[in-house]
Amino acid sequence: MSLQLHRVSWKAGGLLILDDVSLAIAPGSMVGLIGPNGSGKSSLLRLLAGLDRPSQGQVTLDEQPLAGLPRRAIARQVAMVEQHASTDVDIRVEEVVRLGRTPHRSPFAPWLREDDLAIAQALAQVNLGGHAQRRWHTLSGGERQRVQIARALAQQPSELLLDEPTNHLDIQHQLELLQLIQDLPLTCVMAIHDLNLAAMFCDVLVVLKDGRLVASGAPAQVLTERLIAEVYGVQAEVSLAGDRPHVRYRA
């Protein structure tokens, strides 16, 4: 499977949020969406997930326009974890992850062994195999984020979309979570703020500014001092550690 945007523009409230963006996502790759706040990263993810429809252009999944696919069919292949996924309900971990099975079940279908297996596998993939009966309010921030990823994995998708998955996590949990995501046998597209973490873990970086795609490619090709100055308005020094760039900002 592969997701693509074909000259996509999107407006909200009369404002142009994304402007003529084209992008092909290679199957199995880990793609980082970077750019300043308001550059269109979250909006692009929502279009890739089929949650919003472009004002112009089209999004395709395996060459089929998302606009022509039923929502359930999309959800069987594309899963998204949004930035503020949470709940105030005192719910068990297992119950959160069960929500991921919704696209595979008809409204009155009995719960099947394959559903239980999918949940168990998803929790194992995020290293929470023994936490199914834990209550949501007892979890740390990192554990809650992993539960939300497990919920997405229970959909058994081929494409995983993540909006700022490391937000509000300390550096240890950021590294653990990104390593976990990198090891998943999926295509992954994630919005991420930290340029050094993006460079460490992503195969491809896609840079957005003011709703336009300004660069795309391997981290060493994309993260240059000139691009950082033009896109973020800050001065930085970029060095290479192997084939991965490291950014150090100037005061």
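1. R46, D52 and E82 are joined in a network of salt bridges, a salt bridge being a side-chain nitrogen of Lys or Arg within 4 Å of a carboxyl oxygen of Asp or Glu. A search of the whole structure returns 14 salt bridges.

2. This is a predicted model, in which local features need pLDDT of at least 70 and side-chain atom pairs count only at pLDDT 80 or more, whereas totals for chains, interfaces and linings use all residues. Residues are numbered from 1 along each chain as its sequence is written, and side-chain values use heavy atoms, with hydrogens and water left out.

3. R212 forms a salt bridge with D19, with the closest N and O atoms 2.8 Å apart. The pair links distant parts of the chain, since R212 belongs to strand 10 (residues 212-217) and D19 to strand 2, 193 residues apart; strands (E, at least two residues) and helices (H or I, at least four) are DSSP runs, numbered from the N terminus. R212 is partly exposed, at a relative accessible area of 40%, and D19 is also partly exposed, at 22% (buried means under 20%, exposed over 50%, and partly exposed in between, with a 1.4 Å probe and protein chains only).

4. Strand 1 (residues 3-12) pairs with strand 2 over six bridges in the antiparallel sense; A12 has L15 as its bridge partner in strand 2, and V8 stands opposite V21. The two strands form a hairpin with two residues between them, and G13 in the turn has a positive phi of about 60°.

5. Strand 11 (residues 236-241) and strand 12 (residues 244-249) pair in the antiparallel sense over six bridges, with R248 in strand 12 as the bridge partner of E237. Two residues lie between these strands, and G242 in the turn has a positive phi of about 70°.

6. E237 also forms a salt bridge with R250, the closest N and O atoms being 3.7 Å apart. R250 lies in the segment after strand 12, 13 residues from E237 in strand 11. R250 is partly exposed at 43% relative accessible area, and E237 is partly exposed at 31%.

Technical notes:
Two strands pair if DSSP finds at least two bridges between them.
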